[in-house]
Amino acid sequence: MTPFRLLGGLLLSLVLSTGAAQTVADVQKLPLVHDPLVKTPSAALSAADQQAVTTLARTLNTRPEVQDLKRKWPYSQGVSLKTVLFTITAPFRSGTPERLTVFSVSEAEPPVLLFVLSGAKGLTADLVEPATDVEFCGVGQGYSLRDVDQDGLREVAFTLDCTPGEMMLTDLYLFRYGAGKWVFWQAFPVSSSYGGGWEGHEQSIKIHVRKGKSPQFYGLLDRREWAGPPEFVSRTDPTRTVGVIKYAPSSADTTWRVRHLF
């Protein structure tokens with residue numbers, strides 16, 4: 001199967017916004033959820049975080065559920081400091097802060113994540129894996145969001161980078177805790193590029209949000225194109241902001257499957 005792609009189908013269901021309340025300037029004032037042009041560096045763990053993750057990984061690797069994952073995906077190294085996407089202590093499933101550690105379980109395809117919560121409520125682990133076959137894709141950035149829906153709990157975001165042929169595509173996925181496990185919440189295409197010869201394009205979407213019990217997400221769509229012989233085409237032309245995208249609430253997502261391990 002080719003990589004997941006939201007850009008073509010999802011944009012068809014979006015509305016290019018008009019009106020003073022949804023101008024580019026107004027959206028830029030809203031909290032930023034993701035900027036595809038700013039690459040978040042790999043997690044730089046403090047000495048205390050490294051010790052906590054090392055102890056956690058040692059415990060997890062003795063669990064039969066995690067050992068089964070290593071058998072299922074031969075390229076997996078289990079969980080360790082090397083496979084941490086990020087770790088942070090914050091409220092995720094209740095008002096009591098807990099440590100959330102997200103591991104990238106599989107170093108090859110398919111992209112698989114392990115969400116581990118540890119704290120006063122004990123140790124729980126949920127596996128986030130593709131619901132279908134995936135090729136040419138890997139998890140890129142991962143981080144937590146600051147209570148976008150204002151329920152007192154944080155959410156999780158991660159990107160999926162795909163390189164089918166001459167294209168480069170990135171989608172953003174948001175998850176939050178509910179019904180005793182992590183569940184999919186929202187998905188957005190955030191960048192795509194194609195070409196390298198006579199024609200091509202690059203486009204990116206900055207995701208902003210108006211926080212609230214029913215948060216409203218917006219995208220600022222920037223696009224740059226070129227055409228003609230490479231020796232005569234300048235790719236330094238300025239990027240044009242095409243407009244504001246107002247996102248409708250996402251329907252049930254079938255891209256990812258969440259499996260509660262323990």
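The largest cavity in this predicted model is lined by Phe92, Asp149, Asp151, Leu153, Arg154, Glu155, Arg176 and Tyr177. Its volume comes to about 30 Å³, and a search of the whole structure turns up one cavity of 30 Å³ or more. Two of the lining residues, Asp149 and Arg176, also meet each other in a salt bridge. Here's a quick tour of the cavity, the cores and the salt bridges.

**The cavity**
- Sorted by class, the lining has three nonpolar and five charged residues, with no polar ones.
- Asp149 and Arg176 come together through their side chains, at 2.6 Å from N to O.
- That pair links distant parts of the chain, with Asp149 in the loop between β7 (137–145) and β8, and Arg176 in strand β9, 27 residues apart.
- Asp149 counts as buried because its relative accessibility is 5%, under the 20% cut-off.
- Arg176, with a relative accessible area of 27%, is partly exposed.

- In soluble globular proteins, nonpolar side chains tend to be buried together.
- Here, the largest nonpolar core takes in 24 residues, and the ones with the most contacts inside it are Leu100, Phe115, Phe158, Tyr173, Phe175 and Trp182.
- Two or more residues each come from β3 (84–90), β4 (98–104), β5 (113–119), β8 (155–162), β9 (167–178), β10 (181–195) and β14 (256–260).
- Strand β8 gives the largest share of this core, four residues.
- Leaving aside neighbours within four places in sequence, Leu100 is in contact with several residues, including Phe86, Ile88, Phe115, Leu117, Val156 and Trp182.
- Leu100 is also in contact with Phe92, one of the residues lining the cavity.
- Another core of 19 residues lies apart from the largest one, with Ala57, Val79, Phe103 and Val105 among its members.

**The salt bridges**
- The whole structure has nine salt bridges.
- Arg99 pairs with Asp49, their closest N and O atoms being 3.1 Å apart.
- Arg99 sits in strand β4 and Asp49 in helix α3 (residues 47–60), so this pair ties together parts that are 50 residues apart in sequence.
- Both Arg99 and Asp49 are buried.
- Glu129 forms a salt bridge with Lys72, with 3.6 Å between the closest N and O atoms.
- Glu129 counts as buried at 4% relative accessibility, while Lys72 is partly exposed at 48%.
- Lys72 and Glu129 also belong to a network of salt bridges with Arg257 and Arg259.

Note on methods. Residues numbered from 1 in each chain as written. Predicted model: local features only at pLDDT ≥ 70, side-chain atom pairs only at ≥ 80, totals over all residues. Heavy atoms only, no water. 1 Å grid on protein atoms, 1.4 Å probe; cavity = no way out; pocket = protein on both sides within 12 Å on 5 of 7 lines; lining within 4 Å. Points joined across faces, edges and corners; volume = space filled by probe spheres on them. Nonpolar A, V, L, I, M, F, W, Y, C, P; charged D, E, K, R; others polar. Core = buried A, V, L, I, M, F, W, Y, C linked by side-chain atoms within 4.5 Å. Buried < 20%, exposed > 50% of the residue type's maximum accessible area, 1.4 Å probe, protein only. Contact = heavy atoms within 4.5 Å. Salt bridge = Lys/Arg side-chain N within 4 Å of Asp/Glu carboxyl O.
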